[in-house]
Amino acid sequence: MICITGDNIISALGGTSGENYRKVEAGISGVKRYSGLYGVPEPFMAALIDDEAPDAAGCPDETCSPLERVALLSIRKALQGVDIDPAHPRTLFILSSTKGNVEYLDTTPPGGAVADRRLYLWHTAQYLAKRFGNPNTPVVVSNACISGAYALLVAKRELEAGRYDSAVVTGVDRLSKFIVSGFQSFKALSGGICKPFDASRDGLNLGEAAATVILQNKAKPRNGDIILAAGATCNDANHISGPSRTGEGLYLSLNRIMRGRRNADIAFVNAHGTATLYNDEMESIALHRAGLDAIPVNGLKACFGHTLGAAGIVESIISANALRNGIVLKTTGYSRQGTSYPLPVTTENSAVKKNCFIKTLSGFGGCNIALLFEIV
Amino acid sequence: MTAFLNIQSCCVIRRQSMFKDGKKLFETQLPDHSAFLSALYRKMKTDYRKFFKMDRLSKLAFLASEALLDGQIDRSLPHPDIAVILFNRSASLDADSIFQQSIRRPDSYYPSPSEFVYTLPNIMTGEIAIRNRIFGETACFVGEYFDTVELCRKVTDVFDDTVQECLCGWAEYFTDCEAALFRIVKETEAHNLFTPANIQRLMTENSE
């Protein structure tokens, strides 16, 4: 079975999974207002990594980018205390990122971009794998906002196929003028801390994170191990940037992971919950159609912002910690029911005695994913 | 019942030529790849207005997918059992460079949402899904080279009991303009097995 044996999050909230979890449990948001940053004309709200913070600093390397630096640090921290050899040929490195080092396009002269290796996602992945002495060609997933969760699904399949024993799965994105101005052009950003699923939600917050999960294939998981039990991903076949009005892809994904399983075993659904009008509405439709709309739903975007290629990994780690602690986390930012199909969105932390949770994400290109995690 | 994954058909676009199943169907020597893609669209007699809104990477992948699916797939039905898995080298750097131009200078700062949406490589898989009503798994992987072993591994892994067919391959538009798409189908008999060697052979047969 595919077990999580190590993890780390570096985000606006801190440099370890534990610190991030405690802050989410306390309802602390890492989202702040930034004005004039990156040369973006309008101010914006975002949850940025503090590169000077003691637990996010260090790991200096003159050749690496700010994105690679935090990814490197996250991998190093996730490996601590885990019984795997990152340099072993049976260990696979997987990178999830939507935009990698795209910030360098700003300073690369037009026409010079082709030769600038830093701009290529595979170059970042190779750099990271090489720093840990890993001999394999790393896998790079770039599947919009579902990338992090899809990378976990890809890792599960690689391990189940018997090609590797362990996978080091890292999701990372840093913000830049490129990303912020793009989301501004969509008028997708909220002027305050975002409000997932709330009636007055008015857009998302962007966030930065580097997060790593170590997955290992174990014949006999130990009590308390969290396993990635199932995953499915489906397309809406509807619109490249607009969420589906029927939630088709998410509905199909949820249906596939719930085959042969009981709703009664699911402690909570950790939704995508970007706090845009249309995403959260679509999720309510899909959960309703899949018959999962009586299960508590939470969302973490008001704490971390939308951390893009890291989101699936960050939010899976926090949710796995909650399941381990027997807690359903509250949804910071939410107060009033605001979707056509009402969902039991959490307003406080509560105890639960169930052994599974579902993680969902949706993204541009019409992609959707649902993962099912289970505690042994 | 034993199931086999067979390569049903393939389309290769490179050096301004298009090949399908071993036959060269189109060739130009236009001054740039954009003009080539427009000429190929006209040649294929495709009627799909969304094509003109697409970025060049999506246009390339879309045209290769049309060569394999147009007339071969019933677009009046939803297809939850088909997947689309593509690989490339440069992700969306072609579209990224265009979007970057729109935000580079403060005096001409005007980021466009229709340009920003294409700054993700998996948008091409979404375009193909929309055109053909494909509701299955769609994904984009990035690698330095087109690695046929990786292609076979990733795509074989996608085939669980919910999947009957996968459109897969390579679509690169930045360092080059080249695509190699394959239609992989699950069948009860083996005839042209989906293996790295067979993919390599088809790449060669569809190049000159």
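Reader: How far apart do the C-alpha centres of domain 1 of chain A and domain 2 of chain A lie?

Author: Domain bounds come from an automatic or database domain assignment. In chain A this assignment gives domain 1 (2–217) and domain 2 (226–375), and their C-alpha centres lie 20 Å apart. This is a predicted model, in which local features need pLDDT of at least 70 and side-chain atom pairs count only at pLDDT 80 or more, while totals for chains, interfaces and linings use all residues. Residues are numbered from 1 along each chain as its sequence is written, and chains are lettered from A and ligands numbered from 1 in the order in which they are written.

Reader: How many residues of domain 1 of chain A are in contact with domain 2 of chain A?

Author: Two residues are in contact if their C-beta atoms, placed from the backbone, lie within 7 Å. By that rule, 61 residues of domain 1 of chain A are in contact with 56 residues of domain 2 of chain A. The largest share of the domain 1 side, seven residues, comes from H4(A). Helices (H or I, at least four residues) and strands (E, at least two) are DSSP runs, numbered from the N terminus.

Reader: Which classes of residue make up the side of domain 1 of chain A that touches domain 2 of chain A?

Author: Ala, Val, Leu, Ile, Met, Phe, Trp, Tyr, Cys and Pro count as nonpolar, Asp, Glu, Lys and Arg as charged, and the others, Gly among them, as polar. The side of domain 1 of chain A has 34 nonpolar, 18 polar and nine charged residues.

Reader: How many residues does the contact take from chain A and from chain B?

Author: Chain A gives 43 residues to the contact and chain B gives 42 residues. On the chain A side, H5(A) gives the most, with six residues. That side divides into 24 nonpolar, 14 polar and five charged residues.

Reader: Which residues have the most contacts inside the largest nonpolar core?

Author: A nonpolar core is a set of buried Ala, Val, Leu, Ile, Met, Phe, Trp, Tyr and Cys residues joined through C-beta atoms within 7 Å. A residue is buried if 20 or more other C-beta atoms lie within 10 Å of its own. The largest core here has 199 residues, and Ile94(A), Leu60(B) and Ala64(B) have the most contacts inside it. Helix H2 (residues 56–69) of chain B gives the most to this core, with nine residues. Each of domain 1 (2–217) and domain 2 (226–375) of chain A supplies at least three residues to this core. Leaving aside neighbours within four places in sequence, the contacts of Ala64(B) include Cys11(B), Ile13(B) and Leu181(B).

Reader: What is the make-up of chain B in helices and strands?

Author: Chain B has seven helices and seven strands. Buried residues make up 50% of its 208 residues. The C-alpha trace of chain B spans about 65 × 35 × 35 Å along its principal axes.

Reader: What is the order of the strands in the open sheet of chain A?

Author: Two strands pair if DSSP finds at least two bridges between them. The open sheet of three strands has the order E2-E3-E7 (chain A), with mixed pairing. Strand E2 (32–34) and E7 of chain A each have a single partner strand, so one side of each is left without a neighbour in the sheet. E2(A) and E3(A) run antiparallel and are joined by three bridges. The bridge partner of Arg33(A) in E3(A) is Met45(A).

Terms used. A residue is buried if 20 or more other C-beta atoms lie within 10 Å of its own, exposed if 12 or fewer, and partly exposed in between; C-beta atoms are placed from the backbone.
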